[in-house]
Amino acid sequence: MEKNLEFPDLLRLIDERSTAFRAAVASAPSLDAQVPTCPEWTLFDLVKHLGGGDRFWAAILGAGPADAPPAEATAARAALEVPREREALLAWMAASTQLLLSALREAGPDAGCWAWWSALQTPRTSGGVARHRVQESAVHTYDAQLAAGAPQPLPAEVALDGVEEFLFTCVATPSAWPHKPTAFDFQTAEGRSWRLTVDGDGARSTRIPAPTAATGEDSDAAGASIHGTASELVLYLYDRIPADSLHVDGDAGLLDLLRVWEPEE
């Protein structure tokens, strides 16, 4: 069974994706270019969002364990001063990422902190923050590349961890599923698979063997099975590409129910 990425790998990938993000911004025709996957934003808005997020989480990590977003983190985000000139903006973005990486290094992988997600499958720790920030950086790099006219698939190392990270962080909840219990299988072309189960006890995901005749895996247990590359699955989960970009077996209508489900806090 595949292991999760180690903490130093997460820090490396945050740095790599931030570098790729800045390269996409540097190559774009204008900071006023619209971001097709974030239709209300320009490229400038996207940089402000990602860099502001890096600074926000750096402040959260510095504040330590908390039951709500620390005041210093909220204040830092509200007081953002972002340069409009491209070279200065790119330098600001690079500094934002370094602030996050410095905070993560200082905290180490196990320090407690506030986080917006349920602790059901992703811990509210610096390690959980690092894992999620890899995906935030990766998906927004795709957004920036798309705005610049040259989108690239997410790197396999990032995407393979990203499917599980999304299911564990963004979907896991103890809030009851309001429909008939079912399951969703997410199966990557690279050979890794997960099952998301939703029922009266909420939503939780587990790794499952890749579907082959030898595994004896009961494919009928899933109401819908979604197949694609790891990059495609992550981009679908983040609403960057539609379901019809993937291969879906079973009841595709279940995906619509999952998409609009808003669990109670």
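Guide: Two strands are taken to pair if DSSP finds at least two bridges between them. Helices (H or I, at least four residues) and strands (E, at least two) are DSSP runs, numbered from the N terminus. This is a predicted model, in which local features need pLDDT of at least 70 and side-chain atom pairs count only at pLDDT 80 or more, while totals for chains, interfaces and linings use all residues. Residues are numbered from 1 along each chain as its sequence is written, and side-chain values use heavy atoms, with hydrogens and water left out.

Visitor: How many bridges join strand β1 to strand β2?

Guide: Strands of a sheet pair through backbone hydrogen bonds, either parallel or antiparallel. Here β1 (residues 182–188) and β2 (residues 193–199) run antiparallel and are joined by 6 bridges. Phe184 stands opposite Leu196 in β2.

Visitor: What is the order of the strands in the open sheet?

Guide: The 5 strands follow the order β3-β2-β1-β4-β5, and their pairing is mixed. β3 (202–208) and β5 (247–250) stand at the edges with a single partner strand each, so one side of each has no neighbour in the sheet. From one strand to the next the twist averages 20°. Helix α8 packs on the sheet and touches β1, β2, β4 (224–228) and β5, where contact means heavy atoms within 4.5 Å. The direction of α8 makes about 100° with that of β1.

Visitor: At what angle do the axes of α5 and α6 cross?

Guide: Two packed helices are described by the angle between their axes and the distance between the axes. Axes are lines fitted to C-alpha atoms, for helices over the stretch in contact, and angles run from 0 to 180 degrees between N-to-C directions. The axes of α5 (residues 126–147) and α6 (residues 156–171) cross at roughly 115° and come within 9 Å. At this contact, Arg131, His132, Val134, Gln135 and Ala138 in α5 meet α6 residues including Val158, Asp161 and Phe168. The contact residues comprise 5 nonpolar, 4 polar and 4 charged; Ala, Val, Leu, Ile, Met, Phe, Trp, Tyr, Cys and Pro count as nonpolar, Asp, Glu, Lys and Arg as charged, and the others, Gly among them, as polar.

Visitor: Which residues lie nearest the centre of the largest pocket?

Guide: On a 1 Å grid over the protein atoms alone, a pocket is an open set of points with protein on both sides within 12 Å along at least five of seven lines, whereas a cavity is a set where a 1.4 Å probe fits but cannot get out; lining residues have an atom within 4 Å of a point. Grid points are joined across faces, edges and corners, and a volume is the space filled by probe spheres set on the points. The largest pocket holds about 600 Å³ of space. Of its 25 lining residues, Cys170, Val171, Ala172, Trp261 and Pro263 lie nearest the centre. The lining has 16 nonpolar, 4 polar and 5 charged residues, and α6 gives the most to it, with 5 residues.

Visitor: Which element supplies the largest share of the lining of the second largest pocket?

Guide: That share, 6 residues, comes from α5. The second largest pocket contains about 320 Å³ of space, and His49, His132, Glu136, His140 and Tyr238 lie nearest its centre.

Visitor: What volume does the largest cavity have?

Guide: Its volume is about 40 Å³. Residues lining the largest cavity include Arg17, Ala138 and Tyr142, and α5 gives the most to this lining, with 4 residues.
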